[in-house]
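Subject: Structure for you to look at

Hello,

Here is the structure I said I would pass on. My notes follow below it.

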Amino acid sequence: MKNFQTVRGVKDLLPNELSKMRFIEQQASIVCKNACYEEISTPIFEFAKLFEKPLGETSDIVTKENYVFQDRSNNTLMLRPEGTTGVVRAVINESLLQDFPKRYFYYGPMFRYERPQKGRLRQFHQFGAELLGVQDYFADIEIIYLAKCFLKNINILSQTSLKINSLGDNDSRGNYKRELKSFLEKYKNDLSPESKIRLQKNPLRILDSKNKKDIEILSSAPKFQNFLNKSSLDFFNSVCEGLDKLKVNFEIDQTLVRGLDYYSHTAFEFKTNIVGSQDAVLAGGRYDDLSRLISRQMFPGVGWAAGIERLTIMLDYKYSFVPMVGLIGHSNLHYHVLLDYYKRFLENKINSQIIYNGTLSKKFKKANKLKCLFVVVLGENEIENGILQLKNLKTGQQQQLNFEDAIKIIKKKNV
Ligand code: ATP
Ligand code: MG
C-alpha cells in the first residue's frame, strides 16, 4: 500500500522545529505579558461571511486563498486566514468594549490556500498582538515598540529592517486611489495579468506586486505621501517622531500596502533577506474600519502578526534533548521493578526513560546514543538487596547505592 502523504502545503512539525516555535511563542508571550497584554484565543473556524467584508471581497484571501466549506448543517464556514478579525468579533460578542482600551495577544494556526514554497505554507502559525480602543497615534508607537521588543528578545532584530508607511484616512486613500488608477491606466497593457484585474477592482493592491515589470512601472507612479491630507500627515509624522524617541530604527517605504482591506493610517513590516523571497516576518497596522465592517460598533484598533515558521528559519537555536537517566534491566523479568523505579524518578522530577529491547550491551549503546547523563542498572542482585547500580556515562564512574542516595547524586547534576 502506498504511504499516505500530508496534504500539499501543510507539514508535520518535528521536535526540532516545534521546539523553536515554542521558544518563539514563549518569548513573545513574556514580552506581551510584561507590557500588560492578555492572552485570547478564538475559534479556528468561523462563519465565512465574517471575513469577507473586512478582508475585502476582491482580496487574494477571499477570492482564492480561503478554505471554505459547508458543515453538516449547511453553514458556510472558513478556516481562519488571520487572527485580527476573530479577536475583534470576540470583543464585540463578549461585550468587552466597556473595559476599553484592551490589549490582547494570540497564537495559533492560520490557513491560506497559497502556492507552497519556503516560508509560505497552507497551514502556518501566527503570534499576534492587538491594542483596541485607542484612536491616538500613541497606540501605533506602542504596538510597533512591542514588536521590536519581541524580535529583540529572540535575537533576530539585527537581521530585520522595519518599513513603515501611511495609508491615510478614507479621504486621502480615495484621492490617491483615483490618481494611481488613472496613472496605471496608461500602462495597462504592460501590467501583469494579476495587476490588470486589480486595476479595476482594487488598484492600491498593485503597489504590493512582486512582478518586475509592475515594479518598474510603479517607480514613476504618484506617491501616496503627496495625497495624505493634513490630519493624516500629522498622524504619520507623530508616529515617526515617537518611534525616533524610543530609538526604534525604521525606513519609510511608500510602496508598502497591506494585503487586507481593513487598514488605514499606519502600515508596517519587519523584513529580512534571510527567508528568500518571503521577506516579511512580522506585519501590522491600524484598522479603525474593521469593527464597522462586521458590526454596528465602531472602535479603533492597531496590531501586528508574526509568521512563526519564517521566524524559525532565522533562529539560531540548537535543539537538544538529553534524558537525565536511562533505566536498564538485565532481563524482561525485571521490568515491574524498573517501572516502579521509573515512577519514583518521575515523582522526583528527574526526567528518565526505560530503555526497552535488546541485550544489556545494546541497551547501553542506546543510552549512550541518547546521551543520557546516567544509567541505572537493575539485575537479580540489585533487586534482592534493594539497591541499584548508578553509572555516570560521562565519567564512567559506577556506584552501588540505595534509591535515596542515587536521587541525591542525580539531582546535584540536575542544576
Ligand atoms: P506576504 O506578503 O508574505 O504574503 P501577508 O501580507 O499576506 O504576507 P499577513 O497577512 O500580514 O501576511 O500575515 C502576517 C505574517 O504572517 C507575514 O508577515 C508572514 O510572516 C506570515 N505569513 C503570511 N502568510 C503566510 C504563509 N502562507 N505561510 C507562512 N507564513 C505566512
Ligand atoms: Mg499573503
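Around ligand 1 there are 16 residues, of which R112, E114, L121, R258 and A280 come nearest. Please bear in mind that this is a predicted model.

Ligand site

Seven residues of the shell around ligand 1 are nonpolar, three are polar and six are charged. Three strands, β6 (123-132), β10 (280-286) and β11 (301-307), each contribute at least two residues to this shell. The largest share comes from β10, with four residues.

Oxygen atoms of ligand 1 take part in several polar contacts. A polar side-chain atom of R112 is 2.8 Å from one oxygen atom of the ligand. On the backbone side, a polar atom of V281 lies 3.5 Å from an oxygen atom of ligand 1, and an N or O atom of G307 lies 3.4 Å from an oxygen atom of ligand 1. On its own, ligand 1 has 580 Å² of accessible area, and the protein covers 91% of it.

Five-stranded sheet

An open sheet of mixed pairing has its five strands in the order β13-β12-β14-β15-β16. Its edge strands, β13 (352-354) and β16 (398-401), each pair on one side only. Neighbouring strands are turned by 25 degrees against each other on average, ignoring direction.

Within the sheet, β12 (residues 325-329) and β14 (residues 374-378) run parallel and are joined by five bridges; I328 has V377 in β14 as its bridge partner.

Helix α12 (residues 335-347) lies across β12, β13, β14 and β15 (388-392), at about 170 degrees to β13. Helix α13 (residues 360-370) packs on the sheet and touches β12, β13, β14 and β15, with its direction at about 175 degrees to that of β12.

Regards

Notes. Residues numbered from 1 in each chain as written. Chains lettered and ligands numbered in written order. Predicted model: local features only at pLDDT ≥ 70, side-chain atom pairs only at ≥ 80, totals over all residues. Heavy atoms only, no water. Near = heavy atom within 4 Å. Polar contact = N/O pair within 3.5 Å; in protein donor to acceptor, adjacent residues only side chain to side chain. Areas by Shrake-Rupley, 256 points an atom, 1.4 Å probe, with all protein chains shown as cover. Nonpolar A, V, L, I, M, F, W, Y, C, P; charged D, E, K, R; others polar. Pairing = 2+ DSSP bridges. Axes fitted to C-alpha atoms, helices over the stretch in contact; angles between N-to-C directions. Contact = heavy atoms within 4.5 Å.
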